[in-house]
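Subject: Two-chain model, handover and notes

Hi,

Here is the structure we talked about. Please look it over before you read my notes.

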Amino acid sequence: MPISRRALAATAVAALVLPLSACGSGSDDGGSSDASGKVEGNITFQTWNLRANFKSYFEGVIADFEKQYPGTHVKWVDQPAEGYPDKISADAAGGTLPDVVNVSPDLVAPLAKAGFALDLDKSAAKYKKEYLAGAWASHQIPGMSGTYAFPWYLNTGPLFYNKSLFKEAGLDPEQPPKTYDELFTDALELAKKSDGKVATLANVPTVEDFGRYGVELMNKEGTGFAFNDAKGVELLTKYKELYDAKALDPQALTATPESSGKKFLTGAVAMNPGSALDLGNFKKQAPNLYKNIGITDQITSTGHVNMYVMGLMVNAQTKKKPAAIAFAHYVTDAEHQMSFAKKVAIFPSTAGSLDDPYFTKEDGTDETRVRIAAAKSLKTAVNYTPVLFSDQMKTALRNEVAKALQGKESPQDALDNAVKACDTLLQQQG
Amino acid sequence: MASSTVPTGSRARRGSRAPEDRPVRRVRRQLPSSPWLFAAPGLLITGVFVLYPFVSTVINSFTDRRTLIPGKFVGLANFRELLDDDMFWIGLRNSTLYVLGVVPALVILPLLLALLVQKNIPGITFFRSAFYTPVVASIVVVGLIWVWLLDERGLINSLLEIIGVGRVGFLSDQWLLLVSAMAVTVWKGLGYYMIIYLAALANVPRELHEAAAVDGAGAIRRFVTVTVPAVRSTMVLVGALSSVAAFKVFSEVYLMAGPSGGPAGEDTTLVMLVQRTGTGLTGRVGYASAISVVVFVVTVVLMLLVLRADRKDES
C-alpha cells in the first residue's frame with residue numbers, strides 16, 4: 001500500500017516530538033507514605049557493584065526473604081561502580097527507578113528533594129531504634145524533615161604507613177604521627193631527608209579533611225558553607241608548606257584515590273588512608289611493602305574519625321511499598337548486617353552489633369587488629385561529608401585548593417572562592 | 001531491480017499508451033513510498049539518536065533544567081552565565097589550543113608516514129600494521145599506558161634523569177599536561193590518517209614525479225610541487241576531520257589530567273565541562289546544554305572555515 005509523503009512526514013515529526021513531550025520527568029508527587037498492607041508482590045532491588053563478590057550472599061538473603069514472605073518476589077540488579085549516580089538519575093528521570101536502591105547520603109539528597117525517596121520517619125519509624133542514632137541521622141537532609149534511607153553498612157579505615165621510608169628518614173617507625181602537627185613535622189622531615197623524592201601524602205585536602213581538622217563545614221541552618229574560617233585557612237596553609245617542600249606529592253593536584261594507592265604501593269608515598277581490605281592487596285601486590293606496613297589511626301583533631309555510610313532507599317513511587325520497606329529493613333537488620341560483615345570488611349550500623357566479640361576480641365592477626373580498632377572508632381565516628389555536598393562542589397573545592405597550593409591564590413582567597421562557588425551550587429540545587 | 005528500469009521524466013509521468021508499458025505503470029504507482037520505506041530504518045535511527053538529542057539539547061539550553069527537576073524557560077540566561085564563567089573560558093581556550101596544536105601535526109605527519117610506508121619493499125606490511133595499531137587500541141588503555149610512561153617515576157622521567165635532564169612534571173604542570181594529551185592524540189591518530197593518505201597517494205600519477213625528476217627536481221621539491229598539490233583535497237579532509245575531533249576532545253585529557261581537569265581544572269576542555277556540569281544527580285542539564293550548543297556552533301564554524309579555505313585555494 002502506498003504511503004503518502006505527508007503521512008511519512010507526520011510520522012517522523014511525531015517520532016521526534018513525542019519523546020520531547022515525555023522528557024523532563026521528575027515528580028512533584030512524593031508518593032504516599034502509607035506503608036500499611038500485606039507484604040507481597042514483585043519488587044526490584046539494586047545494589048552498587050556487589051554482585052561480583054557477594055552473589056551467593058545476596059541470593060541467599062533474597063531466598064530467605066521470599067520464604068518468610070510468601071507471595072513476594074525480589075528481582076536483584078547490580079550496577080557497576082563507575083557511573084552509578086548517572087544510572088540512578090537516568091532511572092529516576094525515566095520512571096524506572098528500582099523499588100529498593102543502594103545509596104550513599106550524597107545520592108539520597110537530590111533524590112529526596114525530587115520526591116523519589118520515601119520518608120522513613122513516616123513510613124518505617126518503628127525500626128528507627130534498631131540502628132545507631134548517628135547512622136539513622138546520616139540520611140537526613142538539611143532543610144527537609146524526615147529520614148530517607150535505611151542505614152546499611154559503615155566503613156572507616158586506618159592510616160597505613162611505610163615503616164622503611166620512616167626509618168630511612170631517621171623517624172621512629174614505631175611512633176607514627178598521631179596529630180596534625182606531628183604529621184606536618186614528620187612529612188617535612190621525610191621530604192627533606194629524601195631530597196624531595198618521597199612524599200608523605202598523595203592527596204590534596206578534601207572536605208572530610210577539613211572536617212577532621214575541626215573546621216565548621218556548614219552554618220548551623222545548613223543553608224551555606226563555612227569552611228573558609230580561620231581554621232580552614234590554617235589547614236590549607238599547612239598543606240601549602242607541604243606542597244612547596246614536596247612533602248605532598250607534586251601530582252596530588254590531579255590524583256585520584258586509585259592513583260595515590262598505586263603510589264603508596266610503589267613506595268613513592270609514605271602514608272595513605274585505607275581499609276582492612278587493603279591488607280590483602282598489599283600482601284598480594286607488594287609483599288615487600290606488606291613486610292614493612294605500619295597501621296595507625298586516622299588523624300583527627302575532633303576526636304571523631306570519618307566514616308562512610310551506605311544506605312537502602314525505598315522508592316517513594318513504588319507500587320509495592322509494604323514489600324519494599326520490609327525488604328530494605330530485612331537486608332539492613334542486625335542479623336543480616338552481621339552476617340554480611342563476616343564476609344567482608346564492613347561494619348554494621350545496627351545498635352549493639354559493634355559490641356559483638358567479632359569486633360572486640362583480638363586473635364593476633366593484623367586483619368583483626370584493624371577491624372577491632374575500626375569498630376571502636378566507629379562508635380563515635382562522623383560522616384564529615386555534608387549530604388548536600390555534590391560532585392560539582394567537590395570539584396569547585398578541589399580546584400580552589402589547587403590554586404592555593406600552586407600559589408596562584410592565598411589560602412584565604414581560595415577558600416572564600418570555594419565557599420562562594422559551593423553556595424551558588426547549593427542555591428541552584430533548590 | 002524493477003524500479004531501476006522505470007523511465008523518468010515527463011513522458012513517464014504522463015503515462016504511456018504502449019501496451020508494453022503497462023507493467024511499468026503498476027510499479028510506478030508504488031514509487032513515491034518505496035524510497036521512504038527503504039530509508040525508514042536509517043531515518044528512524046537518525047531521528048532518535050541524532051535529531052532528537054540535538055533538538056532536545058537546544059531546547060534544554062534555554063531552560064534551567066536539572067537532572068531530576070524539569071526546568072522552566074529562562075531565555076538566554078545560561079548563555080549570559082557562560083560569559084561570566086571562568087571555567088567556560090578555560091575550556092574554550094584549551095579546546096582551541098588543542099585544535100591549533102593537534103591539527104597541523106595530524107595533517108602533515110601522517111602524510112610523511114604514508115610516503116615512508118608507500119613503497120612496496122619487503123617487510124613494509126609490518127610497519128604499516130605497527131603504525132595502525134594505536135588506532136585500534138582502546139583509548140582508555142592507551143591513556144593509562146601514557147600516564148604510566150609520563151609519571152614522575154615513570155619510564156620517560158627515569159630516562160630523563162639518567163641523561164641528566166632531571167624529572168619533568170608532565171602530569172603535574174598544566175601546560176605540559178595539555179601538550180602530553182595532544183601528543184597522545186597525535187600518536188593515536190597517525191595511523192588512521194596515514195591510511196587515508198595512502199589511498200590518496202595511490203592516485204597520484206607516477207608520470208608527474210618522473211617528469212619532475214627529469215626536470216631536475218629533488219625529493220623535497222617533488223614533495224612540495226607534486227605530492228602536496230595532488231593530495232591537497234585529502235589534506236583538507238584530514239584537516240576538517242581532525243579539527244572537529246580535536247575541538248571535541250575528552251578522553252585523552254580526562255584520562256591524563258583526571259576528572260577535575262588537571263591542576264585547578266586548568267586543563268578542562270569544553271566537552272569535559274559539559275560532562276562535569278551536566279551529569280550526576282545534581283547535574284545542571286540546561287547549563288551543560290548551553291555549553292554543548294556553543295561547541296556545536298564552533299564546530300560548524302571550523303568546518304566552514306576549512307571548506308572556505310579550500311575553495312579559495314581552488315579558485
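Below are the conventions, then the findings.

This is a predicted model, where local features need pLDDT of at least 70, side-chain atom pairs count only at pLDDT 80 or more, and totals for chains, interfaces and linings use all residues. Residues are numbered from 1 along each chain as its sequence is written, and chains are lettered from A and ligands numbered from 1 in the order in which they are written.

Confidence
Helix H10(A), residues 230–244, is highest with 97. H1(A) is lowest, with a mean of 44. Residues 8–30 of chain A stay under 50. The model still has 33 contacts beyond four places in sequence for that stretch.

Interface
Contact means C-beta atoms, placed from the backbone, within 7 Å. On that basis, 43 residues of chain A meet 37 residues of chain B. Five helices of chain A each supply at least two residues to this side: H1 (5–22), H3 (84–94), H4 (105–113), H17 (391–406) and H18 (411–429). H17(A) gives the largest share, 8 residues.

Chain B
Of contacts in chain B between residues at least 6 apart in sequence, 69% join residues at least 24 apart.

Best wishes

Technical notes
Two residues are in contact if their C-beta atoms, placed from the backbone, lie within 7 Å. Helices (H or I, at least four residues) and strands (E, at least two) are DSSP runs, numbered from the N terminus. pLDDT is the predictor's confidence in each residue, from 0 to 100.
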